[in-house]
Amino acid sequence: MGSFAKKVEKFWEVFYEHGGYTRVLTGLRNTFYIAVAGLVIGIIIGTIIAIIAVSPKYKRLPRILNRICRLYVGFFRGSPMVVQLLLFYFVLLPLFGSRMTPLSVCMLVFGLNSGAYVSEIMRGGIMSVDPGQMEAARALGLSYWVSMLKVVVPQAVKNIIPTLGNEFIVLIKETSIVSFVGASDLYVAFSYIGSNTYEFMVPYLVMALIYIVLVAIIALIVKMIERSLRKSDRRN
Amino acid sequence: MIDVIDLRKRYGDLEVLKGITTTIRECEKVVIIGPSGSGKSTFLRCLNCLEDPTGGEIIFEGVNIADMRVDINIHRRRMGMVFQQFNLFNNKNVIENIMLAPVYIRTQELRAKKIKNFFIRIRNLFTSNKKELYEINTTKAKIIEEAKEQALKLLRRIGLEDKAYVYPSTLSGGQKQRIAIIRSLAMNPKVILFDEPTSALDPEMVGEVLDLIKQLADEGMTMVIVTHEMGFARKVATRVLFMDEGQIVEENTPEELFSNPKHPRTKEFLSKVLSVH
């Protein structure tokens, strides 16, 4: 047990006295940026794909769009996110000669990836809304897209908030792969501390704890939102 | 006002409407009765193309709206529709339900005019024969204000102005249906289609909804009503259509049709329905 106390002491020295915590804070910030940007981009893309997926297909344009969307979803759900990240950073970006920072590439790829998953969640949400809502809006002379955006999608979003919370948690956890392209997150910060002390036990333990606490907090917030939404069903 | 010519609708092999021809004139109150599965609801939903007809024509204000190339949304604005399940928007409160379509459509028209004016202005810079601008005498705020005023007026009419800011889930069926009716009125329609407006209501709420429909009828609104309320049909209708198996079997004034049906199917149906009451 004595050696464990010593390890903690060493960790504390680098973490606190040598300023390791600033790296951890940066990592935490980046983790949040990537997860939040990923979710926001994901919701936008996912909503668009879901609307295309449920729209009537007797015209040619929706059919073509739907095929493109299916390819998109197939790619992003059919390959690991690490692979997508590497492809984007080391293949696509050099091809286009673009100079994006690792952090913004991560945000983009996380967004594209979660878009594929959110689209499936969203499709379920839209299909769970009573078709009469759409009919009523159409009967008033609103177009398909306007009825969708003003009436159906808001109700669908309400139905899927808990599932979206889970998606956010998945994103938070997945951020631990961004070091593959050189973005710094929690993992990078703690392995820096570890390699400075030649001692990885305590840093990784603390890292695990931070992730668990983060996820627990988010789960709590999601539950609170869910409860307040349920309350609004009965508001007077 | 609405000319229906040989209207047909089929789902796969099942032909639901087998050629319906009729004319709905201004101020008429047409009530459609018939056994379930006779296609009366489908017929009504075809009138504003909620179901696309697979054959025939529907001439509304001189335009064949059964034609897929027609922008149906413009014509639907002149045709209200009231559903069996009310279909109030659950995510909006009562007044938003009423205002949504009028506000959206009027602001859309305003925006279209503004965009056209913009291009006309640019064009006028380069040519000597100046084109006149579209007249714009409203703003978005004014549109919302007017729509709100109108919505409150309509709510006052049915005595529900105190419910303006509550959500539909807190209302009774009768209140929901009356609000659904004034929601379609807010678009100033030429005709209102009622799809079994009282079938989903508790018996004690049927009266209030029928009273409102009767009021509108007396004010001269054109109506097409699918209903199972024979007493109401007799009171309101100027013409009753009896439908069976996708066809109009018999049509007549309510007095004639109810007391003196000609077709054996009509006789059979009426004897079954009226003996219950």
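Modeller: Start with one cut-off. Buried means under 20% relative accessible area, exposed means over 50%, and partly exposed lies in between. Arg25(B) has a relative accessible area of 47%, so Arg25(B) is partly exposed. The model is predicted.

Colleague: What ipTM and pTM does the predictor give the complex?

Modeller: The ipTM is 0.87 and the pTM is 0.79. For chain B, the mean pLDDT is 89. In that chain, 99% of residues reach 70 or more.

Colleague: How many helices and strands are there in chain B?

Modeller: Chain B has nine helices and ten strands. Its C-alpha trace spans about 75 × 45 × 35 Å along the principal axes. The chain has 277 residues, and 51% of them count as buried.

Colleague: Take one residue. Is Ile213(B) buried or exposed?

Modeller: Apply the cut-off. Ile213(B) has 0% relative accessibility, so Ile213(B) counts as buried. Its place is helix α6 of chain B, residues 203–218. Now compare sequence with space. Ile213(B) and Phe194(B) are 19 residues apart in sequence. From C-alpha to C-alpha they are 9.4 Å apart.

Colleague: On to salt bridges. How many does a search of the whole structure find?

Modeller: Over all chains, the search finds 18 salt bridges. The test is a side-chain nitrogen of Lys or Arg within 4 Å of a carboxyl oxygen of Asp or Glu. Glu28(B) and Arg25(B) pass at 3.8 Å, N to O. Glu28(B) also meets Arg239(B), at 2.8 Å.

Colleague: Where do Glu28(B) and Arg239(B) lie in chain B?

Modeller: They sit in distant parts of the chain, 211 residues apart. Glu28(B) is in the loop between β2 (14–24) and β3 (29–33). Arg239(B) is in strand β9, residues 239–244. Glu28(B) is buried because its relative accessible area is 9%. Arg239(B) counts as buried because its relative accessibility is 10%.

Colleague: Which residues are linked with Glu28(B) in a network of salt bridges?

Modeller: The network links Glu28(B) with Arg25(B), Arg239(B) and Glu251(B).

Colleague: Back to helix α6. Which parts of chain B does the pair of Glu208(B) and Arg178(B) link?

Modeller: Their side chains meet in a salt bridge at 3.0 Å, N to O. The pair links helix α6, which holds Glu208(B), to helix α5 (residues 173–185), which holds Arg178(B). The two residues are 30 apart in the chain. At 28% relative accessible area, Glu208(B) is partly exposed. Arg178(B), at 13% relative accessibility, counts as buried.

Colleague: Turn to the surface. Which residues gather in a patch of positive charge?

Modeller: The patch is made of Arg60(A), Arg63(A), Arg67(A) and Arg70(A). Take Arg67(A) as the example. Its place is helix α3 of chain A, residues 60–78. Its relative accessibility is 58%, so Arg67(A) counts as exposed.

Colleague: Where does the largest share of the nonpolar patch come from?

Modeller: From helix α4 of chain A, residues 81–96. That helix supplies seven residues of the patch. Phe90(A) is one of the residues found in helix α4.

Note on methods
Residues numbered from 1 in each chain as written. Chains lettered and ligands numbered in written order. Predicted model: local features only at pLDDT ≥ 70, side-chain atom pairs only at ≥ 80, totals over all residues. Heavy atoms only, no water. Patch = residues over 30% accessible without salt bridge, like charges linked within 9 Å, V, L, I, M, F, W, Y side chains within 5 Å. Areas by Shrake-Rupley, 256 points an atom, 1.4 Å probe, with all protein chains shown as cover. Lys, Arg positive; Asp, Glu negative; His and termini not counted. Charge placed at Lys NZ, Arg CZ, Asp CG, Glu CD. Helix = DSSP H or I, 4+ residues; strand = E, 2+ residues; numbered from the N terminus. Buried < 20%, exposed > 50% of the residue type's maximum accessible area, 1.4 Å probe, protein only. pLDDT = per-residue confidence, 0-100.
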